[in-house]
Amino acid sequence: MAPRSADISRKTKETDISVSVHVDGSGKSDIATGVGFFDHMLDQLSRHSLIDMTVKARGDLHIDDHHTVEDTGIALGQALAKALGERRGIMRYASIDLAMDETLTRAAIDVSGRPFLVWNVSFSSPKIGTFDTELVREFFQALAQNAGITLHVTNHHGANNHHIAETCFKAVARVLRAALEPDPRQPDAVPSTKGSLKG
């Protein structure tokens, strides 16, 4: 399998973002978005997917965190799509029930080329510290749309909003790791009867 790495730069009037990913990494991250809680979540995404990530973002945080979080999801999704290319030799599907203390969150993924997000996660507070909880969904919507993945995330139990958000990122990380693993039985094949995972 060829090296699966990519760099993406995205600049608008609202944000200036650069992302580098190495899919076959060890979970090393260098994250700086200016949004502390979001940086923590991206660290979790990298660490538990074993995707090396560098994310540098400057955004209009004087307005709010929305543009920075969403646009980071866009750039990260684009980088993953570029790194995966034709998506040859991947396992494609994965799912997990991930526990963290009182919280249990399920994630399932199809690296299909067809973007879709099913989101069944609720928070009891609009904020985690200063971070808007609604932005968790916005990030994953942008990631799924631009990476070309079908992603289902369901929170089964949870009382602590930090834990709920963190299990979402960790669960998605683990299914990314499993779905992007090389398939030793068909290392050069596109895992689709259509012969394409481009949507």
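Which side chain does Asp-97 meet in a salt bridge? Notes on this predicted model follow.

1. **Asp-97 and Arg-106.** The side chain of Asp-97 meets that of Arg-106 in a salt bridge, at 3.1 Å, N to O. A salt bridge here is a side-chain nitrogen of Lys or Arg within 4 Å of a carboxyl oxygen of Asp or Glu. Asp-97 is partly exposed at 43% relative accessible area. Arg-106 is partly exposed too, at 32%. The cut-offs: buried is under 20% relative accessible area, exposed is over 50%, and partly exposed is in between (1.4 Å probe, protein chains only).

2. **Arg-58 and Asp-16.** These side chains form a salt bridge at 2.8 Å, N to O. Arg-58 sits in strand E4 (residues 52-59) and Asp-16 in strand E2 (residues 15-22), so the pair ties together parts 42 residues apart in sequence. Strands (E, at least two residues) are DSSP runs, numbered from the N terminus. Arg-58 is exposed at 60% relative accessibility. Asp-16 is partly exposed at 24%.

3. **The network.** Salt bridges link Arg-92, Asp-110 and Arg-114 in a network. Within it, the side chains of Asp-110 and Arg-114 meet at 3.9 Å, N to O. Asp-110 is buried, at 11% relative accessible area. Arg-114 is partly exposed, at 37%.

4. **Total.** The structure holds ten salt bridges. Side chains of opposite charge can pair when their charged atoms come close.

5. **Basis.** In this predicted model, local features need pLDDT of at least 70 and side-chain atom pairs count only at pLDDT 80 or more, while totals for chains, interfaces and linings use all residues. Residues are numbered from 1 along each chain as its sequence is written, and side-chain values use heavy atoms, with hydrogens and water left out.

Conventions
Helix = DSSP H or I, 4+ residues; strand = E, 2+ residues; numbered from the N terminus.
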